[in-house]
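Here is a short briefing to read alongside the sequence and the model. Take a moment to look the structure over, then join us below.

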Amino acid sequence: MKMYFSQNNGINDRTEEDYTPVTLRESIEKTRQALEMAYAGFDNAVDTDLIDSYIYEINSLQKRYKHLSDLAAADPGPGEGTSYKHSPVRALVSHVFG
């Protein structure tokens with residue numbers, strides 16, 4: 001039985017993940033930008049599965065935006081210094097949303 005293996009040229013394509021806390025304001029801004037991109041994608045989508053995908057994404061982002069807005073409204077201190085700590089999923093979210 002002959003085995004085939006891919007050869008790695010030694011270049012590591014992995015990027016270092018950033019786990020630093022994000023301020024609530026930054027999180028709201030990233031969510032707003034992601035929502036704008038999802039609306040733009042929805043406007044240009046032709047395939048029905050892609051349209052459904054954008055609908056789910058928009059609904060999800062709207063709920064996230066509302067949650068973050070509620071957190072910001074309940075915050076008694078200045079919003080600039082408050083940090084919103086993410087779970088390890090933050091790496092995935094920041095990778096997807098930029």
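In helix 1, the buried residues are L24, S27, I28, T31, A34, L35, A38 and G41. Because these residues cover an arc of only 145° around the axis, they lie on the same side of helix 1. Please keep in mind that this is a predicted model.

**Exposure and length of helix 1**

- Turn to the other side of helix 1 and you will find R25, M37, D43 and N44, which are exposed.
- Helix 1 runs over residues 24-44, 21 residues in total.
- From its first C-alpha to its last, helix 1 reaches 31 Å, close to the 30 Å expected at 1.5 Å a residue.

**The largest nonpolar core**

- Which residues make up the largest nonpolar core? There are five of them: A34, L35, A38, I58 and L61.
- Helix 1 and helix 2 are the elements that give two or more residues to this core.
- The most comes from helix 1, which gives three residues.
- A34, L35 and A38 also belong to the buried set of helix 1.
- As general background, nonpolar side chains in soluble globular proteins tend to be buried together.

**A look at S53**

- S53 sits in helix 2, which spans residues 48-74.
- Is S53 buried, exposed or partly exposed? S53 counts as partly exposed because its relative accessibility is 38%, and that class lies between the cut-offs of 20% and 50%.
- S53 and F42 are 11 residues apart along the chain, and their C-alpha atoms are separated by 8.7 Å.

How values were computed:
Residues numbered from 1 in each chain as written. Predicted model: local features only at pLDDT ≥ 70, side-chain atom pairs only at ≥ 80, totals over all residues. Heavy atoms only, no water. Helix = DSSP H or I, 4+ residues; strand = E, 2+ residues; numbered from the N terminus. Expected span 1.5 Å × (residues − 1). Buried < 20%, exposed > 50% of the residue type's maximum accessible area, 1.4 Å probe, protein only. Arc of directions from axis to C-beta. Core = buried A, V, L, I, M, F, W, Y, C linked by side-chain atoms within 4.5 Å.
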